[in-house]
Amino acid sequence: MFNFVIWCSILIISIILYFTNNTVRYYAKYGLYLLFLTIISTATVLLVIFTCRSKSTKNNRLAIWSMKKLKYLYGWEFDIHGREYLMNDEASVVLVNHQSGLDLFGLMELWNWEYHCTVVGKRSLMYLGVFGLATYLCDTVFLDRYDHARAVQQMNAIVDNIHSKKLKVFVFPEGTRNHEGSMLPFKKGAFHIAVQSQVPIIPVVFSSYKSIYSKENKKFQSEWLW
C-alpha cells in the first residue's frame, strides 16, 4: 500500500511538472522520440535476423513506414516541394542541411523503399547500441572523421557502389548540427563523390525548426502531446 501511494505521488508530480515546466516537457517529448527510435531499431534488427537478410538499403523499409506514422503522434505535417526530383531510379548525391536528430523525420519523408537510399553519418553512430546496429544493417555509410586516409577509402567505396546499386546518397555537407537557422561552410566530401561518380547533386533544404523546436530554449511543440 505504501509503495502504491509513492508511485501515485510520483505520477501526479510528473504530470504536473509536464504541464507546467517547459524543460520537463521538452525532455519528455524528446525522450519519447528516442524510445520510439529504439523500438523501431530493435524491430528492424529482429526482422533482418529472422529473414536472414544481408546488409542492404532495403532493410530500411520498416523505419521509413514507422517514422511516417510516428509524425502523427506529434501532429506534424510535411509540405515537400520538388519531390519529383527524387522519385526516380537514378543514382544521385543529395545535400541536406542538418539541424537536429529530428531530421530523421524529414529523411524518411523523402526516402522511398522502391529506391536505394542511404545516408552518410559519422562512424561513432555505429556504436549506439541497437540503433547503430540497425543503421549498419540498413547500409548506412559511416565515415571516420579522425582518420583522413580511411575516410577517403570509405568515400571511394561509395563511388564504386553508387552506380551498381543506383544509390541516392544523402549527405549533411555542413558536417555537424546547426541550430542557428543559417548555413555553415560545406565540407568537400559530397562534391568529390558527385564529381568522381558523375552523378547529379540534388539540394534539399529543411525549413528552420525554431517555431516548433529549440534545444537551447527547451521548446518542443506538438499537437497531440501538448
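Which helix is G106 found in? It is found in helix α4, residues 103–110.

Some ground rules. This is a predicted model, where local features need pLDDT of at least 70, side-chain atom pairs count only at pLDDT 80 or more, and totals for chains, interfaces and linings use all residues. Residues are numbered from 1 along each chain as its sequence is written, and side-chain values use heavy atoms, with hydrogens and water left out.

Now the overall layout. The protein chain has 7 helices and 7 strands. Helices here are DSSP runs of H or I with at least four residues, strands are runs of E with at least two, and both are numbered from the N terminus. In sequence order the pattern is α-α-α-β-α-β-α-β-α-β-α-β-β-β. The C-alpha trace spans about 65 × 45 × 35 Å along its principal axes. Of the 226 residues, 42% count as buried. Buried means under 20% relative accessible area, exposed over 50%, and partly exposed in between, with a 1.4 Å probe and protein chains only. Contact means heavy atoms within 4.5 Å. Among contacts between residues at least 6 apart in sequence, 75% join residues at least 24 apart.

Back to G106. At 5% relative accessibility, G106 counts as buried. Leaving aside neighbours within four places in sequence, G106 touches F78 and F206. F78 lies 28 residues away along the chain, yet the two C-alpha atoms are separated by 7.8 Å.

Next, α6, residues 148–164. Its 17 residues should span 24 Å at 1.5 Å a residue, and the end C-alpha atoms are 25 Å apart, which agrees. The expected span is 1.5 Å times one less than the number of residues.

Which residues of α6 are buried? They are A151, Q154, M155, I158, V159 and I162. They cover an arc of only 155 degrees around the axis, so they sit on the same side of α6. That arc is taken from the directions from the helix axis to the C-beta atoms.

What do the buried residues of α6 pack against? The partners are β1 (92–96), β2 (116–122), β3 (141–143), β4 (167–171) and α7 (189–197). Just after the helix, K166 takes a positive phi of about 50 degrees.

Take the α7 partner. α6 and α7 pack at an angle of about 40 degrees, with axes 9 Å apart. That makes α6 oblique to α7. Axes are lines fitted to C-alpha atoms, for helices over the stretch in contact, and angles run from 0 to 180 degrees between N-to-C directions. Under 35 degrees is roughly parallel, over 145 roughly antiparallel, 65 to 115 roughly perpendicular, and the rest oblique. On the α6 side, M155, N156, I158, V159, I162 and H163 meet G189, I193, Q196 and S197 of α7.

A second pair: α2 (residues 22–50) and α5 (residues 129–137). Their axes come within 8 Å and cross at roughly 50 degrees. α2 and α5 are therefore oblique to each other as well.

Last, α3, residues 61–74. Its buried residues are A63, I64, S66, M67, L70, K71 and Y74. Their cover includes α2, α4 and β7 (219–220). G75 follows α3, with a positive phi near 75 degrees.
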